[in-house]
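This report looks at how the parts of a protein model meet one another. Please keep the structure in view while reading.

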Protein chains: 2
Amino acid sequence: MASLKVLNHPPSPSEDAEQLHKAFSGWGTNEQMIIDILAYRSAAQRNSIRKAYKEAYGEDLLKSLEKELTSDFERIVLLFTLDPAERDACLASQSTKKSSSSNWIFMEIACTRSASALLEVKRYYHSRYKKSLEEDIAHHTTGDYRKLLFPLVSTFRYEGEEVDMSLAKSEAKILNEKIKDKQYNDEELIRIISTRSKAQLNATFNHYNSSFGNAITKDLKADPGDEFLKLLRAAVKCLTTPEQYYEKVLRLAINKMGSDEKALTRVVATRAEVDMVRIKEAYQKRNSVSLEQAIAGDTSGDFKRMLLALLGAGDI
Amino acid sequence: MASLKVLNHPPSPSEDAEQLHKAFSGWGTNEQMIIDILAYRSAAQRNSIRKAYKEAYGEDLLKSLEKELTSDFERIVLLFTLDPAERDACLASQSTKKSSSSNWIFMEIACTRSASALLEVKRYYHSRYKKSLEEDIAHHTTGDYRKLLFPLVSTFRYEGEEVDMSLAKSEAKILNEKIKDKQYNDEELIRIISTRSKAQLNATFNHYNSSFGNAITKDLKADPGDEFLKLLRAAVKCLTTPEQYYEKVLRLAINKMGSDEKALTRVVATRAEVDMVRIKEAYQKRNSVSLEQAIAGDTSGDFKRMLLALLGAGDI
C-alpha cells in the first residue's frame, strides 16, 4: 500500500546517477529532474543509484544534494533518498540532540515499524553511531517517558497472527483497571503495550471495547492536559491503526498557521513506501478532501512537487 | 576458547546418523558411542547430523535420544545436542514455567551471550513458541527483578570496542552514589548496566575501582541477605568477567552435598563451545584443583564421561 510510483523499467543506476549529476551542473539546479528520478525509485533502486553515483563522481549523492538544494525541498529529498533504516536511525539520533518532540519520534519508530525493520534501524545505528539506539533513547529520556519508550523500542516483538483469547481477556481487564484509576504509568499496563504482539494487542483492545463500553483510545482521552497520556494514546494508535495516527499528524501539520513542514516531510518521506495509500484514505474520510489537494493548497514550489510525487499524484 | 574437541575430519553426517541409530538398536544402548559422536562435533555438525538422522529414520534425533537415555546423562546429551539458540530458548521457556532459579537463567542468557547470539535466541523463540522472549520474561517476572531483567534481555547491545571515557567517568559516579545509598533498584543504575556496551561498562567499572577505592563487585556485596543484590552483582560479573561467574556456579554445584547436577549440566552444555577454557583456568586458580578432577570426583558413569568429554578431557 505504498503511494510511491516506481517505474517498471527504470534506467540503469548509472544512467540515473549521470542524469542527477547533470541536474547539478551548469547554471542553476534542475530540481524537476531530481524529482523525476528520486521520487520514482524504490529504496533498493535509490541505494543502487547512490552506489553508482559514488563510483562515478567520488562523492556521496546525499552530499551533492545537500550542496545543491535548500530549505524544505532539501529536507524532503535528503530524507526520502536515505535507506529506510538509515533514515530512521538519523531521525532518532537527531532527536537525542534536542528536547522538543523527540519522544514522539522515538514512539513512531518503535511502534509503526515492523520488528525486522526496527532491527535494521538498530543495526544501522550500531554501525553509524558506534552505540545502541536503546542506550541513546534510555539516556535521553527520563521518568515516565523512559518507562514507556525504552521497552517499546527495545522489544523484538513477535509478529505472527496467533492470538491467545484468554490472555486478551485478562489483560484487557488489567488495562481497564489501571486506566480507570488513572495509573497511566503503571508497569503492568506498560508491559502489556510494549511487549505483546500487534495481533494480540488488537484482540486485547477489541475485548476492552466490548467488555468495558469504550474503545481504549477513548478512555485514554480522559485528561487532555496530560502530555504523557497523549503519547501513550498515540502509541496505542500506532500499534493498531497507524494510518489514523498519521492522518492526524498530517491534519494538524496542514491546518497549523503556516503549516508544519517538518512533520509533513517526516510523514511523507517515511510512509510513502509503506502505507501511504491507507493514510490517504483515512485523510479523505476524516477531512472530506483528498490529502493531495490539502497539501497542494498548503505548500508550493519544488517542495510541493516532491510531496505530491511521493503521494503518487505527481500530475495533480 | 572452547573446550570442545571437534574432529578435523569427522565422518559424514549420514555416517554419524547411522552410527547413532546403531547405538540405539539391539540389546541396551551404546552410550559410549553416543558420547564419542555427539561430544566431538560442533553445533553446525550436530545440526547436520540431526537433519541426516531425520531424513534416514523419519524421527528427530532428540526424540530418539529421549527414548533411549535417562536421568542426568539424558539431560546433558539432549541439552548439548541442541543448537545454541534453540537451547537457550528452551532453557528460557522452561524457566517461565517454574519459579525457582528462573531469574538466574534469564540473567545468564541476557548477559553472557553476544548480541547476535541473543538475537538468534529471540528469533528461535518467535518461531517455536509463537511469542517473544521479552513478553514471556516480562510476564513471568515482577518488581525489581523485572525492572532489571527486562532491559537486560531486550537491549540489542552495541559490541564495538569504542569507549567514551568522560561518559565512563560520569556514569561511574552515578553508580557509586546509588550503591552508597543502597538504591540497588535505581533506574539510572539499571539503565547504565542494561544498555551500555560491554567495553563501555568495563571502562566505567575500571573508573569506579580507581576513583572510589573498591571494585564495584565488592561494593555490591554489602548486603549478603539481599537476593536482588546478588542477582545484580552476578549480572555485573557476567557482563565483564563471565568466566568468574561460571567458576563460582560450578564451585557451588560441585561442593554442594550431593552436587547440583542441573547447574553442572547447564554450564558445561552452554559454555563448552564458548569460553570453557577460560572457566577451567579460573577454576584451577580459585580451587587449586582442575575442574576435570573436581567433576570426576563428584560424578559417575555416562554422565561423568559426557561432562569430561565436553571439557576436552575425555581420557582423564
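A salt bridge is a side-chain nitrogen of Lys or Arg within 4 Å of a carboxyl oxygen of Asp or Glu. In this predicted model, Arg266(A) and Glu108(A) form such a pair, and their closest N and O atoms are 2.5 Å apart. The count between domain 2 of chain A and domain 4 of chain A is 1 salt bridge, alongside 6 residue pairs in polar contact, both residues being at pLDDT 80 or more.

On the side of domain 2 of chain A that touches domain 4 of chain A, helix H6 (84–95) and helix H7 (102–112) of chain A each supply at least two residues, and H7(A) gives the most, with 5 residues. By class, this side divides into 4 nonpolar, 1 polar and 5 charged residues.

## The domains of chain A

The domain assignment of chain A gives domain 1 (13–69), domain 2 (84–154), domain 3 (165–240) and domain 4 (242–310). The centres of domain 2 and domain 4 of chain A, taken over C-alpha atoms, are separated by 23 Å, and 10 residues of domain 2 are in contact with 9 residues of domain 4.

Between them, domain 2 and domain 4 of chain A bury about 750 Å², with 48% of it on carbon and sulfur atoms. In domain 2 of chain A, the residues that lose the most area to domain 4 are Arg87(A), Glu108(A) and Thr112(A), which together account for 58% of what that side buries.

## Where the chains meet

The contact between the chains takes 29 residues from chain B and 29 residues from chain A, and the two chains bury about 2600 Å² between them, 57% of it on carbon and sulfur atoms. In chain B, Glu135(B), Phe156(B) and Tyr158(B) lose the most area to chain A, together 24% of what that side buries.

Between chain B and chain A the count is 6 salt bridges; in a salt bridge of 2.8 Å, N to O, the side chain of Glu135(A) meets that of Arg196(B). The count of residue pairs in polar contact between these chains, both at pLDDT 80 or more, is 13. H10(B) gives the most to the side of chain B that touches chain A, with 5 residues, and this side has 7 nonpolar, 8 polar and 14 charged residues.

## How the copies are related

How values were computed
Residues numbered from 1 in each chain as written. Chains lettered and ligands numbered in written order. Predicted model: local features only at pLDDT ≥ 70, side-chain atom pairs only at ≥ 80, totals over all residues. Heavy atoms only, no water. Contact = heavy atoms within 4.5 Å. Buried area = accessible area lost by both parts, 1.4 Å probe. Polar contact = N/O pair within 3.5 Å; in protein donor to acceptor, adjacent residues only side chain to side chain. Helix = DSSP H or I, 4+ residues; strand = E, 2+ residues; numbered from the N terminus. Nonpolar A, V, L, I, M, F, W, Y, C, P; charged D, E, K, R; others polar. Domains from an automatic or database assignment.
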